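Biologist: Please place the model on view, so that its sheets, helix contacts and chain contact may be discussed in turn.

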Amino acid sequence: MSYLELKNVSKHFGRLTALDDVSLQVEKGEILGIVGPNGSGKTTLINVISGYYSPTQGTIAFEGKKISGLRPDKIAKRGIVRTFQSNVLYAGTTVVESMMISSYLQYKTNNWQSFLNTKAWKKDDERAVGRVVELLKMLDLQNDMNLPADGLSHGYQRLLGIAMSLIANPSVLLLDEPTTGMSHKEAMFVVDKIKKISEQGITVILIEHNMKVLMGVATRVICLSFGNKIADGLPEEVMNKQEVVEAYLGTEIL
Amino acid sequence: MPPVEILIEGLTQSCILMTMAFGMVLVYSILGILNWTHGWLYMLGAYVVFFATTAAGIPFPIGILLAGLAMAVIGILIKKFIIDHAGNELYVGVATLALIGVLEGAATLLFTGDDRGLATILPGVLRLGVVAVSYQKMAVIGFTLVVMAAMYFVLNHTKVGLAIRAVAQQPVAASLYGISTARLSLIVMGIGCALAGMAGAITAPIYSINPFIGMSPQIMALLAIVLGGLGSLTGAIVGGLIIGFMNSVMAYYISYVSEVVLFALIILILLVRPQGLFGASAK
Amino acid sequence: MKHYFKKISLLDYKNIVPKSVIGLFIILILLIPVFTQSVVIVSTLTLTGIWAVAAMGFTLVMRTGQWSLGQSAFMALGGYTSAILTVQMGLPFWPSFFISGLVSGLIALLIGMVVLRVGGVYFAIITLAMGEIVRIIALEWEPVTRGSRGIITSAPPPIVLWGHELVNFDTSLAPYFYFMICLVAVTAVVFWRIGESRLGRTFYGTALNPIMAEHQGIYLMKYRVIAFTVAGIFTGYAGALYTHFLQVITPFVFGFWQSIQITIWSIIGGIGSLIGGPILGTALLYNVGVYLGRTDIPGLQAFLFGSIVVIVIMFLPQGAGLVDLWKLFWTKIVWREKEYKTDEPED
């Protein structure tokens, strides 16, 4: 039984099939890359794992327990956290404020203790704030802490998005196109950070179009096309497989 | 089976609510805001037709059109000078809510709070066997059918209608095709407010006219939209039908708690289907 | 919802001086009943405070992104509960008062669990309808609420400690004033703690980006219901105090227009602030409304008040409320001119 398992997962929207009988096993500690042309179902896959959608068919299990059909907040509590493609997440807040809102799962004390400002809460809060600063430092955001989040450059906004998902205490991190719109240097920075995140024991699943990033970081790759999983294996194998090349180029190569 | 008179009354109510709800949903789809003043434009429409017919001797049908036109103008002015200058959605809401006070206050100041009665323009009743249906109520029903048909035609067979549907579904893409959202917003606001005014005008001879008659149609129309689903024109019509009938039928059987029961029923429906009958589903 | 919540945090003296100005102001207000016996002044302040509590409740619900147009219903629920318990059922004042807020909160909880699922404009409409329903029930449920005649309540009994009468509500209005101050203070402290704690942050999350918040482990319904219920409790107490202060409650006191006014006071006051905004907005606009209502010309008050609000809205910079203007006043006007001197500003 694997760490995160999808069994025959399909997702239909009326007559549109976004995912078609996808089965997938993710082992703990992996860095799994998801590739595929636009519209192949990559984001839908993440949406289904994170609980934003329920699968029309099939089940998803995490650490042996079924998570498909649960509310997103329940799934996040179990340790699966995702990023979003849009940039401005908590509009009107500063970087630190965004992080503090996202830090909900970082706390071990509860709302009552927080309301009453107990000793236990204060200690927990100190620790959490420390972790926030640590994460911001890791992602080079320590100088922008009190700046409005929507004032950051695109690249830094994406980094903030990653920081916001990390503060939510994930065991599994789902990254939805983390390097889109970034320069090569910025993308390589992200690669380095993903490696560090993996070293901390977090399993990473990332959707990527940037091949350099993918090859640099993924331990395994799957390819989706029209909702089907058409390849599953080591990065070099998958990217050279004929079906994958065809899926991207759309025609047979004579 | 309630007496036919009650069903006719229900239909009449439904027609009023449908017209108002339709206008509200139209405005909401294009402008993205809920205009809280519709009920009070209904009230002013009634006053317009009252003064038009009694003081100026204008024939009733022209009076209705006049009411629609007047309310369209007021609506466009509201949009252009108030809504467009409000900082954000929240402020627009506050502004339109405050306008309720302005409109009701102005009406009270100008026309006093006394009830006015408009003599039934179409007096008499149609007798079908044991049933008596007032011509005026039939006029309401007929008017609504005409309006709905006109709306259907405009939305589906004219350029303006096409533009409206485009902007309602995909505002950005529509603007890329050269549709001026700003001008369209004014047109739609005008149409929506005109509908409210005309609804008030056509109903003026049936019920009394005073500055406070806007509240009830406003709330009922709002509930109709909630029931039907916020972005849906079909929902507005169906919602209006349901609420109109439920209101009359229940008032007949249970009298004063009918609104409470109606509200409870709507809550129950929302429990099962939070987005309304025709509303866009969340997932 | 972009720039609704603004927080400007400044350090050291820049923070302390405006706050001491406010503190001074508060002390002066607390001493007013000592210096004046004027019924008008004391009762106006008392009513302002009562409505400010309702405004704070509205703002708390707004903090979770929900716009409640039915807050006056909770004032009615609190008021009628206390009136019914003391007058119809003959129960002593203090337990009845205590229960009234809880009843109001309970109904907020029950309704909230259903209608907060939909949220957004739907929620505004449903709460509006809810306000009307409460009014209709108050009007029609004659056996319990005495319908349009309303219920006449009596003053709270004197507070006696060890045989000495400390507080007598019948001899002057001052006890009511301090009762209101207590209510406002308790509400302010509770709401302040909520704002400072994880609850407040989580509320922000549910308002700014519910989908994101959900994916970060926040159960949206739970927090929306908490805010709505807490607001319901305190608004209920405000209604109960109102009822015993004016010693009458009728179905006509708390209606749609009152809910609208609560909205207006809170939003113009500034919803970025849970306490200062609503209090400032209510203090200013409620009293403008009362002043405008002095002429008994029907319709004039609504017309003028509505017009003033519309004009104010058009001139308020995006997302800012009166509270933000107060802060802007200090940062732009006072501190720019006088760097290190801390003079009193001309208010």
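Biologist: In what order do the six strands of the open sheet in chain A lie?

Modeller: This is a predicted model. In chain A, six strands build an open sheet whose pairing is mixed. Strand 6 (80-82) and strand 10 (228-233) each have a single partner strand and stand at the edges, so one side of each is left without a neighbour in the sheet. With a twist that averages 15° from one strand to the next, the order is 6-7-8-3-9-10.

Biologist: Do strand 6 and strand 7 of chain A run parallel or antiparallel, and which residue stands opposite Arg82(A) in strand 7?

Modeller: Strand 7 of chain A covers residues 172-176, and three bridges join strand 6 to it. These two strands run parallel. Opposite Arg82(A), strand 7 of chain A places Leu174(A).

Biologist: Which helix of chain A packs on this sheet by touching strand 3, strand 7 and strand 8?

Modeller: Helix 1 (residues 42-50) of chain A lies across strands 3, 6, 7, 8 and 9 of chain A, at about 150° to strand 7. The helix that touches strand 3, strand 7 and strand 8 of chain A has a direction at about 150° to that of strand 8. It comprises residues 184-199 and is helix 7 of chain A.

Biologist: Which strands stand at the edges of the open sheet of four strands in chain A?

Modeller: The pairing in this sheet is antiparallel, and the strand order is 2-1-4-5. The edge strands of chain A each have a single partner strand, so one side of each is left without a neighbour in the sheet. They are strand 2 (16-26) and strand 5 (65-66) of chain A.

Biologist: How many bridges join strand 1 to strand 4 in chain A?

Modeller: Strand 1 (residues 4-13) and strand 4 (residues 57-62) of chain A run antiparallel. Leu6(A) stands opposite Ile60(A) of strand 4. Helix 1 of chain A lies across strand 1, strand 2 and strand 4, at about 65° to strand 2. The number of bridges between strand 1 and strand 4 of chain A is five.

Biologist: Which element of chain A has the lowest mean pLDDT?

Modeller: Chain A averages a pLDDT of 88, and 97% of the residues score at least 70. Among its elements, strand 6 of chain A has the highest mean, 94. The lowest mean, 75, belongs to helix 10 (residues 242-249) of chain A.

Biologist: Which residue takes a positive phi in the hairpin of strand 2 and strand 3 of chain C?

Modeller: Three bridges join strand 2 (residues 159-161) and strand 3 (residues 164-167) of chain C, which run antiparallel. Ile159(C) has Val167(C) as its bridge partner. Two residues lie between the strands, and the positive phi, near 50°, is that of Trp162(C).

Biologist: Which helix gives the most to the side of chain B that touches chain C?

Modeller: The contact takes 37 residues from chain B and 38 residues from chain C. On the chain B side, 28 residues are nonpolar, seven polar and two charged. Helix 4 (89-111), helix 9 (215-228) and helix 11 (258-272) of chain B each supply at least two residues. With 15 residues, the one that gives the most is helix 4 of chain B.

Definitions and conventions. Residues numbered from 1 in each chain as written. Chains lettered and ligands numbered in written order. Predicted model: local features only at pLDDT ≥ 70, side-chain atom pairs only at ≥ 80, totals over all residues. Pairing = 2+ DSSP bridges. Axes fitted to C-alpha atoms, helices over the stretch in contact; angles between N-to-C directions. Contact = placed C-beta atoms within 7 Å. Nonpolar A, V, L, I, M, F, W, Y, C, P; charged D, E, K, R; others polar. pLDDT = per-residue confidence, 0-100.
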